[in-house]
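Subject: Handing over a structure

Dear colleague,

I am passing on to you the structure that we talked about, and I would be glad if you could look through it with the notes below at your side.

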Amino acid sequence: MTDDGRPSVGAALETQIAARDAAAAPPGSRPADDPPALDPPELDPDWYDAISVRRSRRRYSDRKVAAAALEALTAFTERFRLAPGARVALVADGGDVFTGLLERFGGAYGRVEGAPLTAAFVGPKDSELQIGYVGEAFVLEATRLGLGTCWVAGMFDRKSAASLVKLHRGELVFAVTPVGHPVEQKRVVERMMSTAVRSAARRQVEEIAPRLMRTSGHGHPAWPAWAVTAVEAARLAPSGANKQPWRFSMEHDALVMGHADRTGWTAPIDFGIAMLHVELGAARAGVHGAWERLEEPLVARFVPTV
Ligand SMILES: Cc1cc2nc3c(=O)[nH]c(=O)nc-3n(C[C@H](O)[C@H](O)[C@H](O)COP(=O)(O)O)c2cc1C
């Protein structure tokens, strides 16, 4: 619950999705010495504003992260967790985990460099959706604090990442991000990297929500303003190789997330990221709600609470 008695949106995801997944998780996948349950995470409305500011940054200056920002990030890692155990572990340095795409050929294309901090997104097997949600909340918190980040699910060394953070039994590192002050000017390699995956490019709203109606017409009612804001917020979400695998439709009063015909291997994490963006967009338009998981080929439905 939030202070004003509304159901917390983080709690909604936690109870509606994760608890179900936890029930279905194979025995032993839950860490034996997982910390005791914490208050359900609440979303910071400022994260909505961070959505349009965030960009993946791969080169960092040696400027230190201020003590206040470090404190806020540490507090986040202690507070913001989702069952069945998705969490963020923050460590100093850790830059060695970023390998770059062509490391084995002696190059370092796409390598992340120079960040004073590294965060690892950790959880039990099959918790990709929750990892996306928790990891993106961390990324937006860092953005709010004026820091750069970059989701890295492919180009990192899993062994050194696992030794970097203290893993509980059954936990895996799904992705990592550098945290720090990016260099002012993107260097050539970083620019090439951004261009390669069309970083700034996003699919048009009409492509990710083909039946979106801003005004009513031809016998179809307009989509509610909250759903339009939510889809626009999801559109700006980061995704592996910028695939943007999410598709949206309205079903009665609910916003339904499905997926594109062709998705990349990071899609389950990408969906968790987009779910957080949907909630932040809806909340900005004054609507809170709860997620319900749907069977393939759909992902989940966001149902406003009356
Ligand atoms: C789950 C996930 C995994 C990613 N993995 C990598 C990666 O391994 N290496 C990399 O350089 N960028 C990676 N990215 C960053 C994406 O390429 C980037 O988010 C996308 O191109 C959009 O650009 P933007 O973040 O600047 O908006 C990843 C992003 C996500 C969401």
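What follows is a description of what was found, going from the overall picture to single residues.

Please keep in mind that this is a predicted model, in which local features need pLDDT of at least 70 and side-chain atom pairs count only at pLDDT 80 or more, while totals for chains, interfaces and linings use all residues. Residues are numbered from 1 along each chain as its sequence is written.

The protein has nine helices and seven strands, where helices (H or I, at least four residues) and strands (E, at least two) are DSSP runs, numbered from the N terminus. Of its 306 residues, 45% count as buried; a residue is called buried if 20 or more other C-beta atoms lie within 10 Å of its own, exposed if 12 or fewer, and partly exposed in between, with the C-beta atoms placed from the backbone. Two residues are in contact if their C-beta atoms, again placed from the backbone, lie within 7 Å, and among contacts between residues at least 6 apart in sequence, 77% join residues at least 24 apart.

The largest nonpolar core holds 78 residues, and Val134, Val152 and Val176 touch the most other members. Such a core is a set of buried Ala, Val, Leu, Ile, Met, Phe, Trp, Tyr and Cys residues joined through C-beta atoms within 7 Å. Helix α9 (residues 267-284) gives the most to this core, with eleven residues. If the neighbours within four places in sequence are left aside, Val152 is in contact with Phe98, Val112, Ala175, Val176 and Thr177.

In general, strands of a sheet pair through backbone hydrogen bonds, either parallel or antiparallel. Here, an open sheet of three strands has the order β1-β2-β3, with antiparallel pairing, and two strands are said to pair if DSSP finds at least two bridges between them. Its edge strands, each pairing on one side only, are β1 (87-92) and β3 (171-179). Six bridges join β1 to β2 (residues 117-124), and the bridge partner of Ala89 in β2 is Ala120.

Which residues are closest to the ligand? They are Ser56, Ala153, Gly154, Pro238 and Asn242, out of 22 residues that surround the ligand, a residue being near if its C-beta atom, placed from the backbone, lies within 6 Å. Helix α9 gives the most to this shell, with three residues. By class, the shell has twelve nonpolar, eight polar and two charged residues, where Ala, Val, Leu, Ile, Met, Phe, Trp, Tyr, Cys and Pro count as nonpolar, Asp, Glu, Lys and Arg as charged, and the others, Gly among them, as polar.

Some backbone details also deserve a look, given that most residues other than glycine have a negative phi, and most peptide bonds are trans. The peptide bond from Ala83 to Pro84 is cis, with omega near 5°, and Pro84 sits in the loop between α3 (67-79) and β1. The bond from Glu296 to Pro297 is cis too, with omega near 5°, and Pro297 is placed in the loop between β6 (289-293) and β7 (298-304). His218, in the loop between α7 (205-208) and α8 (225-235), has a positive phi near 50°, and it counts as exposed because it has 5 C-beta neighbours inside 10 Å. Ala241, found in the loop between α8 and β4 (246-251), has a positive phi of about 55°; with 15 other C-beta atoms within 10 Å, Ala241 is partly exposed.

With best wishes
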